[in-house]
Amino acid sequence: MTNIGTADDRDPMDPVRMTSLKHWGALPEGAGERMRDEATVDCGWGRLVFGQTYASPERLAEEIRREAPGRRDVALYIRDPHVVIALAPQQLFLDPSHTFRLALRKGPAGDPVCSGIAIRSARPEDEPAVNRIYLSRSMVPVRAGFFADARRDPSLELLVAEDADSGAILGGVTGVDHVAACDDPDGGSSLWSLTVDPQGTRPGVGEALVRALAARFGERGRGFMDLSVMHDNAEAIGLYEKLGFERVPVYCVKNKNPINEKLFVGPDSFAGLNVYARILVDEARRRGIGVEVIDAEHGYFRLGHGGRTITCRESLSELTSAVAMSRCDDKRVTRRLLTGAGLRMPDQIPAGDDESLRAFLDRHGRVVVKPARGEQGHGVKVDLRSLGEVKAAIDQARRHCEDVIVEELVPGEDLRIVVIDYQVVAAATRRPARVIGDGENTVRRLIDKQSRRRQAATGGESAIPLDAETERCVMAGGKTMSSVLAPGETLIVRRTANLHTGGTIHDETARLHPKLAEVAIRAARALEIPVVGFDLMVPDVTGDDYAIIEANERPGLANHEPQPTAERFVDLLFPQTRTGS
């Protein structure tokens with residue numbers, strides 16, 4: 001007789017003998033008596049519902065519809081899924097994901113590559129860090145206290161990836177032991193919620209987590225490990241196939257809830273929009289606001305609801321006046337208005353003769369050169385310390401704008417505060433692009449790899465340019481593009497923290513000092529602008545010291561998830577559709 005819960009001589013890919021794969025008619029002989037009835041597992045973000053343990057489609061449909069608010073239940077291994085959905089077609093849908101299975105007798109294919117990464121069991125204190133990564137990936141966070149509860153549930157295996165040098169949490173994964181969950185006669189297991197920090201610089205984190213979870217379930221004698229992945233996630237599917245996973249005929253049913261909306265509303269015509277416009281269009285569609293794309297390449301779209309129409313270019317809308325926009329566009333005007341309102345800004349002079357430049361440099365020691373007008377960090381050079389560097393930077397800045405500013409370099413963290421409708425909605429520190437050595441790759445190769453990861457994490461919006469400014473920063477760090485950094489050695493390769501040049505962003509909204517929030521609101525009112533992003537230099541986001549660097553009339557709201565930037569933007573434009581604060 002088969003030993004329940006361990007891998008036997010059955011083929012885990014056999015759709016007739018595997019209870020988890022036979023999605024039509026009756027279960028394999030004897031399987032029903034051996035399984036626990038109506039089994040579910042609480043995974044923190046929702047329940048995993050084992051469809052094969054339900055005696056009738058009516059009972060299963062009823063169970064799926066019992067999903068708690070704000071959760072995302074997943075019903076898997078369903079027999080006759082078309083019948084289950086037909087019982088509640090307005091509430092249930094067939095998830096457009098593929099299921100892949102790894103036979104654990106063979107284990108993952110290939111050799112592991114996980115330099116600088118330590119995989120360990122999750123601890124309760126890891127919960128905030130993992131939830132932060134979930135939210136940054138638009139995934140459902142786990143409920144409070146779940147990590148502590150999971151340690152007492154034998155069906156759950158939670159792992160995290162930790163940076164071996166800094167101790168930072170780089171990613172996490174949830175495993176479910178089907179034997180412990182439902183006395184699974186197939187002796188299976190599954191992988192869920194694999195996530196990797198989009199700001200991380202270590203390669204191979206996701207693969208290391210998959211391998212570690214497979215190894216743990218293999219040690220328990222489980223026969224296979226399943227996972228579910230979106231049908232169009234080519235990058236993830238490529239990784240799983242490389243590791244030896246194979247497609248299996250397993251169907252998943254979910255509830256039609258706001259979290260799952262993108263999965264059941266069908267394709268749209270807005271794929272040409274960048275991430276900054278798309279986040280706003282998606283929020284508008286969710287509220288039933290009409291969307292007309294005017295110029296996808298440049299981010300223009302028109303929203304309409306109840307007789308009111310507003311044209312936008314990403315987060316710049318018709319509610320921002322031309323006067324307010326011009327105040328932000330010219331950094332000299334911004335300075336006059338904000339300092340006139342009693343707000344602190346760095347000392348600043350227009351680029352002039354050598355004598356005035358030398359005197360300014362002698363007074364401050366380190367300066368910044370920037371075009372008087374422009375955005376996205378174009379033409380900006382930071383931490384210049386000699387007259388020759390300053391003059392060369394001025395010449396380059398004039399390629400973007402004839403008028404150039406030389407500004408005192410204020411030390412500290414680069415802080416972006418987003419104000420919408422004169423309320424602070426998000427705050428985040430921005431850090432310049434950097435690479436971490438592995439003892440093998442050159443600086444140039446590390447930059448190339450890091451750029452690919454940043455592009456994947458930001459929809460192509462962030463990459464590190466291989467230009468003269470990057471070479472200058474590399475040389476300032478005592479290296480060349482051909483240098484090989486020691487394992488764990490960090491090198492800053494840009495001085496500006498602009499996201500378009502590979503910088504990373506880190507949410508600080510909860511830690512923001514009230515004085516800094518007050519300063520941002522005062523600055524928005526001084527400029528009379530309803531949507532704005534302020535760049536500040538601060539010694540500490542929890543302190544009240546600051547200097548405002550500039551104002552951005554078209555801040556990238558997609559950079560600040562999980563904060564509700566898109567929601568507050570649409571609230572401003574169409575307050576009648578407001579869904580709560």
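Reader: In this predicted model, which residue forms a salt bridge with Lys 370?

Author: A salt bridge is counted when a side-chain nitrogen of Lys or Arg lies within 4 Å of a carboxyl oxygen of Asp or Glu. For Lys 370 the closest N and O atoms are 3.2 Å apart, and the partner is Glu 407.

Reader: Which strands hold the residues of this pair?

Author: Strands here are DSSP runs (E, at least two residues), and helices are likewise DSSP runs (H or I, at least four), both numbered from the N terminus. The pair links distant parts of the chain, 37 residues apart, with Lys 370 in strand β18 and Glu 407 in strand β20.

Reader: Is Glu 407 buried or exposed?

Author: Buried means under 20% relative accessible area, exposed means over 50%, and partly exposed lies in between, with a 1.4 Å probe and protein chains only. Lys 370 has a relative accessible area of 4% and is buried. For Glu 407 the relative accessible area is 2%, so this residue is buried.

Reader: Why does the salt bridge between Asp 183 and Arg 36 tie together parts that are apart in sequence, and how many residues apart are they?

Author: The closest N and O atoms of Asp 183 and Arg 36 are 4.0 Å apart. Asp 183 lies in the loop between α6 and β9, whereas Arg 36 lies in the loop between α1 and β1, so the parts tied together are apart in sequence by 147 residues.

Reader: How are the residues numbered, and which atoms do side-chain values use?

Author: Residues are numbered from 1 along each chain as its sequence is written, and local features need pLDDT of at least 70, while side-chain atom pairs count only at pLDDT 80 or more and totals for chains, interfaces and linings use all residues. Hydrogens and water are left out, and side-chain values use heavy atoms.
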